[in-house]
Structure formats: C-alpha cells, structure tokens
Amino acid sequence: MTDSVQIVYFCTQGGLMKKRIEDLTVIENRRLAESFFLIKVSSPGGLPEINPGQFVQALVTESPATFLRRPLSVHDVDRNMNTISLLVQIAGPGTERLSRLNPGEKLNLVYPLGNSFTLPSEGEKVLLTGGGCGMAPLLYLGRKISESGVQPHFALGFRNRSRILGHDEFKTLGPVHLSTEDGSEGHRGFVTDIPAFRDEKWDRIYCCGPEPMMKAVAAACIRRGIFCEVSLENLMACGLGICLCCVVPTTSGNLCSCTDGPVFNVNDLKWQTSG
Amino acid sequence: MADLRIKIGPLEFRNPVILASGTCGYGAELEDFMDLSELGGIIVKGTTLEPREGNPYPRMAETPSGMLNAVGLQNKGIDYFEKNIYPHLAEYDTHVIVNVNGNTIEDYVELSRRLDELKAIPAIELNISCPNVKKGGMIFGTNPASAREVISAVRKVYHKTLIVKLSPNVTDITEFARISEEEGAEAVSLVNTLLGMAIDARTMRPKLSTITGGLSGPAIKPVALRMVWQVARAVRIPVIGLGGIMNAEDAIEFILAGATAVQVGTVSFIDPGAGTSIVKGIEKYLVEKEFDSVSRITGLINRN
C-alpha cells in the first residue's frame, strides 16, 4: 500500500524551476560496465522542466548504513517516454542498494536541483569532455546542444577498456573521441592528451569528471582563453542550499555547489585553495 | 481537532513545530515543499555581526543514522541580513526567529540589540553551543560563569522573547538551563549537536577539515530526549526539544518528556517537507488519543 502512495508536493510559490519530492517508478536498471548502472525512472505526475547539468537527490531505502539522499546527475531525459536516466557508480552501500533496484520499484527523488550549463550560441564549436561517472550529465547536455542547432563533439576518458561506458548514444549526437590511461582503447592518456582536445580551436569546453581531470581541463582552457564550465560533484547533505556543506571557494566567497552550482565557470573558481 | 497552540514567554505559536537553525536556510529554500505558515515558526541560520566564510570543505560526513557537520556559521552578517533578507522574512506568516552568535560577549550584545529593533523578529535564539567555531559558541555554553555573563548581558539589551540554545557537551545540562532561567531567558532549546569525529580508514585522514564536528540526526535522539526530560524537571521556563526528530512520533516523545515545543532539523535534508508533516502527525495523534490540546500531553511522563 505504501508503494502506491504518491508523495508529490508541487511548488506553491513563484520561481521558474519548481522543485518537487516525488515517488518515481523504476522502468529499467541495467549494468553498463563493472560498477556502473543506468537506472531509468518514470514520473507519474509528468516530468517538470529539467535543464542539462541539473541533478536529483535519490532516497535510499532498506540500507541501514545510508542516512542521506544520494545526489545523481540527470544523464538523459526522454519527454516522450516521460523518463529520466540516472548513471550510478557503486561507491558504497547507498549506491550499491540503488544498483539493485528492480523495475516496478519506487525511487523517491527530490528534483530538479541545481543550476545548469550555459548553452552555446549558433555557430560555436563546442567540446563536451568527461570521464567515468562524470560523463553522466554530458549526454543530456549534448542532446540539448544538438537540439539548439550546434554540433557537439565529445572527448571521453576512462581508466581502461573494461571501464568504458556505452557511448553509442553520444555517437548519435556528434563525433566521440576516447582516451584510456593504459591505451587499451582510443588515445593513450587523459582526455587532455586527445589531439582533438589539444589541437583544435574550441569556443566552449564543458567538463564533468574526477577533480584532477576537471582541473587539468580548466587549466588548459584558462591558458587558451576558452570558455569553460565544469560540473562539480562535492559531498552534499541536502541539495537545497540549507546545510551549507557542499561549498566551493569562488571569487564571490564560499558558494553551495548544490544551488549556486553544480555548474561553475572555471574563472569563478578558486581551485588552488580547495584541493 | 486538537488545539496545537503553545506559548513561549509572551509569544503564542500556532503549533509546537519550529524549523531548527542551520537546517532551513531562510525559509524560502523549503517553500517548494511546504507552506511555512503551517509551522509554529522558523529559526533562520546562525547570524553574526560580521560576514563569515565558515570552515573549509569538507564540512560534512555521513555517519550511522546521522551526520557530522562543521559548517562554522557561514553567513553574510547582520548588515546584509537586515538589508536583503529581513524584508522577505517580514512577509512570512509564521514566527521568524534569528539564531545569534558571536566571538565575544560584546558581539552577542550588539547583535541582539540590532535584532531587538527588527519588528518582524519576535524572538532570538542565543547560540552558546556551536561546536564548530574556534571562538565563542560552545565556549560560552560549556562554562557556567561565561554562560551567565553572556545571557545576562544580552538580557539587558534584548526586550523580546529570549531563547538560549544549550550544548549537550557538558556534564550537567540542567546547570546551564537553570542559569538561563535565573538570567531571565523565556525558554531554553536543547540540544545542539554532539561533538564527534569521523576518520576515513582508506585515506587515513579525518573526514572533516576541522577534524571534529557536530553530530545530528536520529543517532543522538536518545541522548537529546534524556536531556530534555532532565531539563524539563529542573526549570519552570518552557523547554524546546530537538535532536534527531524524524517524524511526528519522535516529536511527541519529546513533548511527553516535557518539551513545550520541538525543533525539526536534519530531517529536512532528507524530507524537505517534514516540518508540516510533523504538525499534521501530532494533531492526528492527539485526536486519536482523545486529547483536546497539545499542552495536555506536555511532560505527561513526569506527572505520576
């Protein structure tokens, strides 16, 4: 009976992006590679507007060691099917429990949360770069960029061949360049070593991935004067800007990566003090 | 229908559920999830005279049935608050209370004096129990003489409802509650977070930049409940209970132990609509148990 109870409190106040708490239904849960899973959930009330870069806070049930929700990037949105895709990497008991969700089960989400990437202008040349679970928000971003009439290019980095996540959907949107640290597939090294990243002229580079990767990408962009936005994955409790735990030092002081981010322009970050 | 109204000093609250400081921002952050006018009140985030950046990241660690935080009173200071935040708060149809912090007694006094002048703020919560700052905070709340001095000084300049937020990191919390009562506070709220720490065995490093932090969540509820019960028996002023309340049943336990009102904190991070759900749950409980008002069950376990 409790499963059928729909907890939906729609926003009663003004504001463009209304947040909600809702029980969504798991449609699909598929293992992509090693510890990576793709979970597709459907909203009974119909999806709200969701922008690329935004995230959800997923409630983890039946996991006694898990107290807080787990922040997950929106990997993709399918308006026709009324579904959101979430990319989950098992990092502990909470994400392990999420990886075992069965179709038909409920997943309670607080969403949509955070700001979003700035879309490019017509005619701009843009590269979306990321690695591991950090590539999660790049698919939806690529889709939105493609819909806006700009061709997205992707540079995706992985540790080795066995950790490469399916990227066929990326290929439907634009050229995909791969790198692996051991050279077992694609270019050997990091995303910043990929010739397309290094040598071509980009107007915008978007990045989401492990912090060392984002810092390397940011440093290269600052040096070359390229507009660059990164999506941070700081530890957070609430996702709503009330606990002030996920802060990142910026030129405007400590800001919450959940509400002022997760997307930041690299020129606004003071990364030398946050590492 | 049950009468949920309660009184703290001269101030009447619509119901006994108040959002705890540091877990509800300035209220607006939670408006998508609940109607703030259905709450007894909200206590907005810890405020200081000067703007503060707080402690470095990482400031949070999840722990069994709870979490540690080491935010360190990040806020934009009273000038910014008065100019940019207060005008919005003044429009809320619920009691908006400000949590007051300082490094020195002079800081507490000056800030309280400033807040005394803000008409839409009917009460302050004097925070002498923040465990995450190097100066002030818990230093006042763990030393009886310092506690008396700061409460007494603030009482002289603050003419509205004064609530003192007590630290659980003491041997006998009733001593601090008695001091608060003697110095003229209208109420005490307890407990603030318990001092704790977490270490990452994998990286062999502390999980918080400050090494220690404040523990909250259901992990601390039995400790908080015990302290609320002790304090409710030790003083005549109202006690506001908090610490690990996740639902209406938890809130009712604090009321049965002697709390006139409760504060709802960490649960809002997981269920941002918890505050008003708890109000409804308390009312439902009273109706089912055939009590016509919440005051009938306040401290019920102490009555036999």
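**Exercise 1.** Is α2(B) mostly covered or mostly uncovered, and how many of its 12 residues are buried?

*Solution.* This is a predicted model, in which local features need pLDDT of at least 70, side-chain atom pairs count only at pLDDT 80 or more, and totals for chains, interfaces and linings use all residues. Residues are numbered from 1 along each chain as its sequence is written, chains are lettered from A and ligands numbered from 1 in the order in which they are written, and side-chain values use heavy atoms, with hydrogens and water left out.

Step 1. Buried means under 20% relative accessible area (1.4 Å probe, protein chains only).
Step 2. Nine of the 12 residues of α2(B) are buried, so the helix is mostly covered.
Step 3. Among them are B:Tyr108, B:Leu111 and B:Leu115.
Step 4. The cover includes β7 (95-100), α3 (138-141) and α4 of chain B, where contact means heavy atoms within 4.5 Å.

**Exercise 2.** Classify B:Ser146 as buried or exposed.

*Solution.*
Step 1. B:Ser146 lies in helix α4 of chain B.
Step 2. Its relative accessibility is 18%, so B:Ser146 counts as buried.
Step 3. Leaving aside residues up to four places away in sequence, B:Ser146 touches B:Ile139 and B:Phe140.

**Exercise 3.** Describe how α4 (residues 144-157) and α5 (residues 173-182) of chain B pack.

*Solution.*
Step 1. The angle between these helices is about 25°, and their axes are 9 Å apart.
Step 2. α4(B) is therefore roughly parallel to α5(B), a term for angles under 35 degrees.
Step 3. From α4(B), B:Pro144, B:Ala147, B:Arg148 and B:Ile151 meet residues of α5(B) including B:Phe176 and B:Ile179.

Definitions and conventions
Axes are lines fitted to C-alpha atoms, for helices over the stretch in contact, and angles run from 0 to 180 degrees between N-to-C directions. Helices (H or I, at least four residues) and strands (E, at least two) are DSSP runs, numbered from the N terminus. Angles under 35 degrees count as roughly parallel, over 145 as roughly antiparallel, 65 to 115 as roughly perpendicular and the rest as oblique. Buried means under 20% relative accessible area, exposed over 50%, partly exposed in between (1.4 Å probe, protein chains only).
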